[in-house]
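My entries follow the model.

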Amino acid sequence: MSLILAMCGFSLAMSISPGPVNMVIVSSGVNHGFRRTLPFVSGATIGFTLLLLFIGLGFIQVIDTYPFFLKYLSIVGSLFILYMGYKAATSIPDLSISQESKIPRFHEGFLLQWLNPKAWVACVSGVSLFADPEASKALFIFVAIYFLICYASLAFWAILGDQITTLLGTEWRLRAFNILMGALLAISAIYLLVIQIL
């Protein structure tokens, strides 16, 4: 039972803590509402849990053998985070049909997790802590727990974004919020690039 609680605590801490995916979700929740943000939340959750399973079923050995893999992944991931930051900053707070293309999609949530350095660190750490190489049962329990907690955590960020809309009130404030969220994503991406280059 204590192992299950530890898995839950780890999953919650990693899922609820701010990161690129959560920032995109808040921004989408503010601009498009909870319902329209759910496909991105679903893509991010499924993408993350499949990444966790992929690493747990053996890819962790490749990472141990070729540590530079994570360095190159961080560079590519940082560039994708920059792109998502641009999308957030240029998003117009309008729910009209013309803005349908600006809503983050399922595949973007999925891809962002596979290119997100925070997601890789969480998966490698989680597999190292909770997946017994001798018994795959522990891995599958961990993946199931992580899926539920991750989905609930990301949905929480979408609800938060949806509720912030009433506080922001005007189109000007929503626009400023979009620019701020895009800038925060860009700063985190640039920071990741700098640590990988230095």
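**Salt bridge and its surroundings**

I searched the whole structure for salt bridges and found 1. My criterion was a side-chain nitrogen of Lys or Arg within 4 Å of a carboxyl oxygen of Asp or Glu. The side chains of Lys-87 and Glu-108 meet in a salt bridge, 2.8 Å from N to O. This pair links distant parts of the chain: Lys-87 sits in helix α3 and Glu-108 in helix α4, 21 residues apart. Helices here are DSSP runs (H or I, at least four residues), numbered from the N terminus as are strands (E, at least two).

A note on the source: this is a predicted model, where local features need pLDDT of at least 70, side-chain atom pairs count only at pLDDT 80 or more, and totals for chains, interfaces and linings use all residues. Residues are numbered from 1 along each chain as its sequence is written, and side-chain values use heavy atoms, with hydrogens and water left out.

I then asked: are Lys-87 and Glu-108 buried or exposed? Both are buried. Glu-108 counts as buried because its relative accessible area is 8%. The cut-offs are under 20% for buried, over 50% for exposed, and partly exposed in between (1.4 Å probe, protein chains only).

I listed what Glu-108 touches, leaving out residues up to four places away in sequence: Phe-40, Phe-80, Tyr-83, Met-84, Lys-87 and Ile-103. Contact means heavy atoms within 4.5 Å.

**Helix packing**

Next I looked up how α3 (residues 68-89) and α4 (residues 106-115) pack: the angle is about 145°, with the axes 8 Å apart. Axes are lines fitted to C-alpha atoms, for helices over the stretch in contact, and angles run from 0 to 180 degrees between N-to-C directions. On the α3 side, the contact residues include Phe-80, Met-84 and Lys-87; on the α4 side, they include Glu-108, Leu-111 and Trp-114.

**Ser-42**

Ser-42 is in helix α2. I file Ser-42 as buried because its relative accessible area is 16%. Leaving out residues up to four places away in sequence, Ser-42 touches Phe-106 and Tyr-151.

**Phe-147**

Which helix holds Phe-147? Phe-147 is in α6. I file Phe-147 as partly exposed because its relative accessibility is 30%.
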